[in-house]
Amino acid sequence: MEEKTWVRMVTAQTPTNIAVIKYWGKRDETLILPVNDSISVTLDPAHLCTTTTVAVSPSFDQDRMWLNGKEISLSGGRYQNCLREIRARACDVQDEEKGIKIAKKDWEKLHVHVASYNNFPTAAGLASSAAGFACLVFALAKLMNAKEDNSELSAIARQGSGSACRSLFGGFVKWNMGKAEDGSDSLAVQLVDEKHWDELVIIIAVVSSRQKETSSTTGMRDSVETSLLLQHRAKEVVPKRTKQMEEAIKNRDFGSFAQLACADSNQFHAVCLDTCPPIFYMNDTSHRQVAYTFDAGPNAVLFAHNRKAATQLLQKLLFCFPPNSDADLNSYVIGDKSILKDAGIEDMKDVEALSPPPEIKNAERSKGEVSYFICTKPGRGPVLLSDESQALLHPETGLPK
């Protein structure tokens with residue numbers, strides 16, 4: 001390793017994912033090994049993603065990290081697991097353009113800086129930790145020239161946050177629970193890519209962007225210890241349901257997909273209620289939603305099988321859950337705004353003029369109960385960003401811009 005001061009940086013972008021067959025409960029807390037398989041859809045990173053810049057320099061005297069502009073500690077076991085596992089797989093790096101040479105053995109004594117930014121609320125049930133740890137592992141692997149493929153990297157990301165393993169791929173992804181005690185076979189595989197079912201539209205009703213009262217880690221531990229329903233679900237229900245969901249996705253069978261996703265979401269929240277003490281992730285607004293899956297948080301994720309169905313769904317949602325009078329429609333419906341246009345909605349007057357859904361008798365309007373809606377679709381997996389202007393760290397100092 002040459003002695004002159006330099007900074008080597010890599011910036012990556014990784015999507016979040018929403019499980020349609022839920023992961024809930026660990027058989028090993030340290031390695032984060034689940035009690036059942038799970039399946040998720042990766043969301044379009046244009047609307048929901050984490051961007052992470054990782055930097056290395058001989059001038060750094062310790063590992064440091066900034067999340068959404070605020071410095072956080074890297075001393076936690078989950079961060080340390082990811083850093084240790086990637087460092088163990090680091091290889092020689094030669095950057096001829098910048099005159100940087102790093103030998104494999106040098107990585108043990110070099111420190112890294114990490115800056116990460118979520119373009120959506122952190123810890124509110126939108127899988128921010130999944131995107132975050134997946135992005136951290138993917139970016140570090142590129143920085144340190146690790147040779148592992150994304151499936152092998154997913155087994156490392158899993159040790160940061162279980163669901164993170166599924167964010168290493170786009171489209172529909174399965175996390176195999178695995179059987180090995182060391183977790184070597186507990187990793188993610190892509191079922192189909194994002195183009196396989198590209199007519200699917202996803203609308204997320206963000207009911208609350210506040211941090212969850214019960215963290216997923218605590219909730220899962222309590223469920224494993226106290227819920228008999230969880231044991232039955234893991235052993236009897238999920239293995240069959242996973243096979244059925246794989247078939248529904250492969251065949252683009254929306255009827256089966258919807259039935260399985262709703263049933264699994266309902267059972268997941270039934271396990272939460274069967275836990276001692278009971279866990280409440282949904283609030284009053286959550287219960288008024290339809291065609292859905294809910295993760296560990298109150299936000300509803302709604303699936304429509306094509307744009308026409310999505311347009312009708314958005315009209316109904318905006319009738320039932322209009323924004324407050326002083327709200328800006330532009331910030332109330334975010335992501336793919338073209339669905340608003342298809343729905344004939346250009347401003348607040350159009351929202352006020354919407355007709356009540358004919359299938360809902362005496363439909364009431366619950367103004368301000370949804371914070372905002374995100375219109376999105378299945379999306380791609382992680383990518384490197386080569387444009388240095390998108391880096392979150394300064395190329396000369398390795399500190400936040």
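## Basis of the description

Helices and strands are DSSP runs numbered from the N terminus, with helices being H or I over at least four residues and strands being E over at least two. This is a predicted model, in which local features need pLDDT of at least 70 and side-chain atom pairs count only at pLDDT 80 or more, while totals for chains, interfaces and linings use all residues. Residues are numbered from 1 along each chain as its sequence is written, and side-chain values use heavy atoms, with hydrogens and water left out.

## Two loop residues with positive phi

Asn 68 sits in the loop between strand 7 (64-67) and strand 8 (70-72). Its phi is positive, about 50°, although Asn 68 is not a glycine. Most residues other than glycine have a negative phi. With 36% relative accessibility, Asn 68 counts as partly exposed; buried means under 20% relative accessible area, exposed over 50%, and partly exposed in between (1.4 Å probe, protein chains only).

Asn 145, in the loop between helix 2 and helix 3, also has a positive phi, near 60°. Its relative accessibility is 26%, so Asn 145 counts as partly exposed.

The axes of helix 2 (residues 128-143) and helix 3 (residues 150-157) come within 9 Å and cross at roughly 125°. Helix 2 is therefore oblique to helix 3. Axes are lines fitted to C-alpha atoms, for helices over the stretch in contact, and angles run from 0 to 180 degrees between N-to-C directions. Angles under 35 degrees count as roughly parallel, over 145 as roughly antiparallel, 65 to 115 as roughly perpendicular and the rest as oblique.

Helix 7 (residues 307-320) has 14 residues, which should span 20 Å at 1.5 Å a residue, and this agrees with its end C-alpha atoms being 20 Å apart. The expected span is 1.5 Å times one less than the number of residues. Asn 306 caps the N-terminal end of helix 7, with a side-chain oxygen 3.3 Å from the backbone nitrogen of Lys 308. Among the buried residues of helix 7 are Leu 313, Leu 314, Leu 317 and Leu 318.

Strand 1 (residues 8-15) is largely enclosed by the rest of the structure, because 8 of its 8 residues are buried. In a regular strand the side chains alternate between the two faces of the sheet. Here Arg 8, Val 10, Ala 12 and Thr 14 point one way, and Met 9, Thr 11, Gln 13 and Pro 15 point the other way.

Strand 1 runs antiparallel to strand 6 (residues 49-57), joined by 8 bridges; two strands pair if DSSP finds at least two bridges between them. Thr 11 has Thr 53 of strand 6 as its bridge partner. Another 2 bridges join strand 1 to strand 19 (residues 383-384), again antiparallel, and Ala 12 is partnered there with Leu 384.

Thr 50 also lies in strand 6 and counts as buried at 0% relative accessibility. Its side chain makes a polar contact with the side chain of Asn 118 (2.6 Å). Such a contact is a pair of N or O atoms within 3.5 Å; within protein, one must be able to donate a hydrogen and the other to accept it, and residues adjacent in sequence count only if both atoms are side-chain atoms.

An open sheet of 4 strands has the order 2-5-12-13 and antiparallel pairing. Its edge strands, strand 2 (17-21) and strand 13 (188-192), each pair on one side only. The twist averages 35° from one strand to the next. Strand 12 (residues 172-175) and strand 13 are joined by 4 bridges, and Trp 175 stands opposite Ala 188 in strand 13.
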